Protein chains: 2
Amino acid sequence: MTRKQRSTPASLATVAAAAGVSIATVSRIVNGETRRASAETIARVRKAIAVVGYQPNHAGRTLRRRESRLVAMLAPNLENPVMAAIAASTEAALRAAGYVMILCDTHDRPDLQDEYLNAMRSQVVRGYIMVASVPSPVLKDFVADGAPIVFVNRRPPSGRGAFVGIDNIKAGADAADMLWSAGLRRCGVLTPAQGSSVTRDRLKGFCDRLRALGTEDVYKAEATGRSHLEIGYEAVQRLTARDGWPEGLMCVSDQIAYGAYRFARESDVVIPERCMLVGIDGNPLNRWIAPWLRSIEIMYEEFGQPIVELLDQVWRGGGNAERIMPHSVA
Amino acid sequence: MTRKQRSTPASLATVAAAAGVSIATVSRIVNGETRRASAETIARVRKAIAVVGYQPNHAGRTLRRRESRLVAMLAPNLENPVMAAIAASTEAALRAAGYVMILCDTHDRPDLQDEYLNAMRSQVVRGYIMVASVPSPVLKDFVADGAPIVFVNRRPPSGRGAFVGIDNIKAGADAADMLWSAGLRRCGVLTPAQGSSVTRDRLKGFCDRLRALGTEDVYKAEATGRSHLEIGYEAVQRLTARDGWPEGLMCVSDQIAYGAYRFARESDVVIPERCMLVGIDGNPLNRWIAPWLRSIEIMYEEFGQPIVELLDQVWRGGGNAERIMPHSVA
DNA sequence: ACAGGTTAGGCAAACGTTTGCCAAGCTTGA
DNA sequence: TCAAGCTTGGCAAACGTTTGCCTAACCTGT
């Protein structure tokens, strides 16, 4: 446990000199190649490693092996609890598998996403995890080049590729069931204006199911904004101005529901008695401070494991498997 | 914009061959050393760079320069919105300065923190950002070795070192003022049991101010738990069981306030009429779904800039400056 | 014509690893 | 006794950069 002074952090050469063997031998022992050295040598080298406090230099290793232990995760907006939960669980899973995660916040902007992709490539990262990616030129190149990528939540723009996410159509349908089985018949839905496939699928699942159950009209409103919070606020305002308050309102994300809630409160509309709100995401905070919100629960904190499994599969050459994660009603 | 095929990603040698110059010349041009080449050569090399799609390999560069553009951020619990906000803003600030952030979730555990520190050292990271760090052996070694570290929120265990955070004593005092100026006299405070210096200072600032204003008794309760949410729930339960509901309750973090709120709701105590809750953090979500919570607002999304500035200062050898960030009442 | 200075660019040695190949010594079987 | 094989370990070449030093060629002033 003795630590070397600051000067220069022990290298293979340091260890080799201390143990009186060659660099090659130390390297092999560090990498667990035990059959190439006698037990006695191994012991001596291990001791030398401990005494000089040797830690392998990843730059050298990366250079030689032409691959690193770095995995890049590109996500829009880390302040969104959904992204934070995915990032946290992925980080843990990667760590357990011996990798290190680099986190990049793309702010949902194609240009920033491209900039990051290029920066990551020159870091020689070993794989990419694209959470809710947006189509962009460099991403397209990467996919075409067969770069090891796992897509999360939003499917790859190019169609095929490894994917981890939920069945959004079914989630939308389940939300519809929640409202319907509560006896509510006049229902609406709130979405972002330029929705991704995620929100489109949730919307579709919801509307289709409601119609299948016998609803003739589903009130819809959409809005644009910097965050889903603002979108929810704005959209519900439009919807109610046009059609009045419905009995039930599906929000394609919890954050949108929060926005709708604020408007309801400011309008003295009491939730959930006057209008039942259903969200999708199942933010853990709900049970603490938003008990009025029913939500389709998604276990984002369990995404990490399958994401890393898929990445591993991609590395092995297994092109485009996918994992559809379960969701539940809460 | 032409992209090379997957084979091997263009190196300096590729560019040199394409431009008909030596590797050294290309390297110099890439690094902006324009005085060592004629304008004509520079143009030819730049063109070659573009045509082969050259991106510098950071492993080689790191190896040679003995320093990388990687900065490690170690934080407990990424799912805490406070950490997420700090991480997001730091990531942006680092990015703007040309660095790349590696994010590690220590779960507040000394052993994991040490493991990460070692792992980061062998990645040859250039600096460390310790958010709410916990004392640990390796951290102590790093500090002793003079590693470039910026501490955020919690001060360095060893006393001196660069620090970014708020004046917690004053924040506590401000919370006391909020309750007092609302005319509330029977006040309490909720804290985690094994608090850090952060919660201790907030507690101290609160109690001292309240006493200075003339309160003779401040009701206190603490609890342990996996999260501040649970701590708040548990602590308020203890406090009210012992002393009944006070008129005002200070919670050393917003999350604790959320926990307290849940218990109040379950006990049919209406917040804030029957008991005013004051938190510290100013979670942006408050104005959307927790309007009953008053809070000391901290602009965590502005921590990134000073953190990077301090890191820069540390690199330049400027030992242990600190930035006390402002907070406001909301 | 020549000394001295500037400009433009190449050579080669590092940085820390990994790994194919070689070699010396030993064992074993015929 | 010798050939063949195994064990143990070293040599040296890469991987992609950066940079101190060298060297031509040109320029300028006398």
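**Symmetry, interior and backbone**

The two copies meet through the same surface, because 100% of the interface residues of chain B are also interface residues in chain A; contact here means heavy atoms within 4.5 Å. The model is a predicted one, in which local features need pLDDT of at least 70 and side-chain atom pairs count only at pLDDT 80 or more, whereas totals for chains, interfaces and linings use all residues. Residues are numbered from 1 along each chain as its sequence is written, chains are lettered from A and ligands numbered from 1 in the order in which they are written, and side-chain values use heavy atoms, with hydrogens and water left out.

Chain B is superposed on chain A by a rotation of 180° with 0.1 Å of shift along its axis, at an RMSD of 0.1 Å. The two copies are therefore related as by a two-fold rotation axis.

The interior may be described through its nonpolar cores. In soluble globular proteins, nonpolar side chains tend to be buried together. A nonpolar core is a set of buried Ala, Val, Leu, Ile, Met, Phe, Trp, Tyr and Cys residues joined through side-chain atoms within 4.5 Å; buried means under 20% relative accessible area, exposed over 50%, and partly exposed in between (1.4 Å probe, protein chains only). The largest core has 158 residues, and those with the most contacts inside it are L190, F206 and F303 of chain A and L190, F206 and F303 of chain B. Beyond its neighbours within four places in sequence, F303(A) is in contact with residues including I86(A), V152(A), V164(A), I298(A) and M325(A). A second, separate core of 42 residues includes C104(A) and Y128(A) together with F142(B) and I149(B).

The structure holds five cavities of 30 Å³ or more. On a 1 Å grid over the protein atoms alone, a cavity is a set of points where a 1.4 Å probe fits but cannot get out, and its lining residues have an atom within 4 Å of a point. Grid points are joined across faces, edges and corners, and a volume is the space filled by probe spheres set on the points. The largest cavity has a volume of about 140 Å³. Its lining comprises 13 residues, of which A59(A), L70(A), Q123(A), L70(B) and Q123(B) lie nearest its centre. By class, this lining has five nonpolar, eight polar and no charged residues.

A257(B) is placed in helix α11 (residues 254–266) and is buried, with a relative accessible area of 0%. Not counting residues up to four places away in sequence, A257(B) touches C251(B), L277(B), W292(B) and L293(B).

Some backbone features remain. Most residues other than glycine have a negative phi, and most peptide bonds are trans. The bond joining I271(A) and P272(A) is cis, with omega about 5°, and P272(A) lies in the loop between α11 and β9 of chain A. In chain B, the peptide bond from I271(B) to P272(B) is cis, with omega near 5°. N77(A) is not a glycine, yet has a positive phi of about 50°; N77(A) is partly exposed, at 35% relative accessible area. H107(B), also not a glycine, has a positive phi of about 55° and is partly exposed at 44% relative accessibility.

How values were computed:
1 Å grid on protein atoms, 1.4 Å probe; cavity = no way out; pocket = protein on both sides within 12 Å on 5 of 7 lines; lining within 4 Å. Nonpolar A, V, L, I, M, F, W, Y, C, P; charged D, E, K, R; others polar. Least-squares fit on C-alpha atoms with pLDDT ≥ 70 in both. Helix = DSSP H or I, 4+ residues; strand = E, 2+ residues; numbered from the N terminus.
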